[in-house]
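I opened this notebook to keep track of what I looked up. Sequence and structure come first.

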Amino acid sequence: MSWLTEPLSYGFMRTGLLAAVLVSISCAAVGTHVVARRMSFLGDALAHTMLPGIVIAFLLGASLLGGALVAAVVTVLIIAAITRGGRVQEDAAIGVAFTGMFALGVMLLSTTNSFRDFTHILFGNILGVGDGDLVVLGIIAGAVLITLLVFRRELEVTAVDPGYARSFGLRPDRVRLGLLLLLAPTIVAGIQAVGVLLTTGLLIVPAAGAFLVTRRFRITMLVSMLIGVGASAAGVLISYHAGVSTGATIALCTCVGFCICMGIAALRGVLATTTSSEVLE
Amino acid sequence: MTAHAPRGPRLPYGGRGHLDPVPGAPALEVRDLTVRYPGNITAVRGFGVRLERGQCGVLVGPNGCGKSSVLKAIAGITRPAAGEVRVFGNAVGACHHRTAYLPQVPEVAWTFPISVREMVMQGRDVHMGWLGRPRRADEHAVEHALVRTGLEDLADRPVGALSGGQRQRALLARALAQESELLLLDEPLTALDEDHRQAITRVIDEVLAQDAAVLMTTHHVDEARGAGHVIIPMRDGATADANALVAR
């Protein structure tokens with residue numbers, strides 16, 4: 001029991017754990033929509049393409065969140081410009097934007113001569129979260145959940161059948177843009193926890209696991225959040241005792257959660273096959 | 001055109017209220033419709049059709065002849081390069097709730113985890129608009145559509161677990177739940193066995209009897225033959241022969 005309680009006797013551990021939980025809730029909720037729309041690559045790419053925005057904001061002493069948001073919008077515009085005319089597929093355009101923006105970020109980073117200042121951006125620094133950051137993370141999580149709840153029908157119908165949605169006046173491209181704009185602050189929160197390089201761990205992996213074991217979207221989102229929260233809590237505690245990187249441990253724990261879901265799905269498949277064979281016999 | 005007071009949801013999609021039909025106007029009137037896709041590919045050129053209430057138009061032709069593009073232009077999914085489309089006398093988009101569109105089965109993301117009932121409820125979205133929530137009338141319309149298409153026993157099944165024919169019926173149920181007066185059906189009889197084909201044909205006949213109009217597409221002339229149906233043969237984006245519009 002002390003394995004659980006001892007780390008939490010420190011204030012920074014309690015704050016870090018709470019921050020990790022808030023981040024994993026917002027990432028898993030948005031991530032469920034991202035995975036359902038087969039936008040996982042875009043989600044991963046956006047996390048990387050925010051790097052130049054964050055570095056520029058840091059150099060200018062401006063808000064890192066603002067810098068990340070601007071970089072996300074620029075990325076979306078670049079992808080839209082490249083795909084216009086239909087001659088380049090979206091996944092190729094994402095690859096181009098991803099490479100260009102991340103390379104720009106690394107280049108800017110190398111000019112600062114203080115690479116170590118940015119290690120928390122690359123790999124996260126959840127245990128360095130202050131009370132002010134905690135409030136921001138809480139606001140992001142709340143805003144994400146409320147937005148997804150309020151626009152649930154529009155998000156679902158544009159994902160299932162964009163043509164049908166367009167036929168009654170909904171603009172699937174604008175709904176998608178709205179989702180991307182919601183993705184931007186979510187990824188910024190994820191960067192705080194696990195860094196640019198491992199944000200996919202909180203955004204995509206829990207949702208990918210949840211889709212394996214659920215058949216209703218609302219339940220998928222809940223299970224995705226449970227995996228994210230569980231992995232974050234486990235990651236914070238395990239990293240404390242093992243003395244290893246917290247962000248990497250959280251990301252690894254989400255992968256363990258995904259493997260457990262795969263195991264459950266496989267077991268269900270075996271059971272279903274056995275049952276149907278018995279019925280046939 | 002007569003001005004009408006906007007009605008419908010408080011916050012309609014597309015930012016336009018629901019207009020009443022223009023008195024005396026046909027259910028659908030299309031003149032000189034031209035549809036082009038990126039790369040200057042002309043899918044439809046100079047197409048025209050006029051349907052009154054209670055009438056069923058059937059676009060017949062091979063793959064790629066422009067049948068689906070005609071439906072998409074009328075549904076407001078594709079913007080016409082030229083020509084005019086009027087639905088109950090109004091421009092496309094002025095009365096979204098009066099036009100229900102049934103896409104081809106492969107155009108839908110069937111892996112999205114929703115139930116059949118939830119998919120059919122999407123047919124009510126246009127009546128709810130932004131921030132709207134399903135009411136008793138919406139739930140009643142959904143249940144009625146499920147029964148008409150014989151899907152009531154599959155209502156809670158995930159759409160991804162449906163067979164090809166069941167998916168076709170789920171899309172029709174969604175279009176019926178919209179309670180529209182003009183149905184645009186893209187290949188509604190594809191992937192159906194004979195029993196279900198007859199059942200769907202019966203539902204279409206019921207819709208026509210309720211004074212709605214239907215415009216549907218098919219590859220097969222045999223499917224097009226029905227009482228009072230207007231057969232419109234198409235080839236290379238245009239009506240194959242203007243004199244071949246046969247009322248049967």
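**Ground rules.** I am working with a predicted model, where local features need pLDDT of at least 70, side-chain atom pairs count only at pLDDT 80 or more, and totals for chains, interfaces and linings use all residues. Residues are numbered from 1 along each chain as its sequence is written, while chains are lettered from A and ligands numbered from 1 in the order in which they are written.

**Chain A.** I looked up the secondary structure and found 15 helices and zero strands (DSSP runs numbered from the N terminus: helices are H or I, at least four residues; strands are E, at least two). I noted that the C-alpha trace spans about 70 × 60 × 30 Å along its principal axes. Of the 281 residues in chain A, 48% are buried (20 or more other C-beta atoms, placed from the backbone, within 10 Å of the residue's own).

**Where A touches B.** I found 22 residues of chain A in contact with 26 residues of chain B (in contact: C-beta atoms, placed from the backbone, within 7 Å). Helix 9 of chain A gives the largest share of chain A's side, five residues.

**Glu187(B).** I then turned to Glu187(B), in the loop between strand 7 (182–185) and helix 6 (194–209) of chain B. Is Glu187(B) buried or exposed? Glu187(B) is buried, with 20 other C-beta atoms within 10 Å. Leaving aside neighbours within four places in sequence, Glu187(B) is in contact with Gln104(B), Thr217(B) and Thr218(B). I also checked Lys67(B), 120 residues from Glu187(B) along the chain: their C-alpha atoms are separated by 9.6 Å.

Terms used. A residue is buried if 20 or more other C-beta atoms lie within 10 Å of its own, exposed if 12 or fewer, and partly exposed in between; C-beta atoms are placed from the backbone. Two residues are in contact if their C-beta atoms, placed from the backbone, lie within 7 Å.
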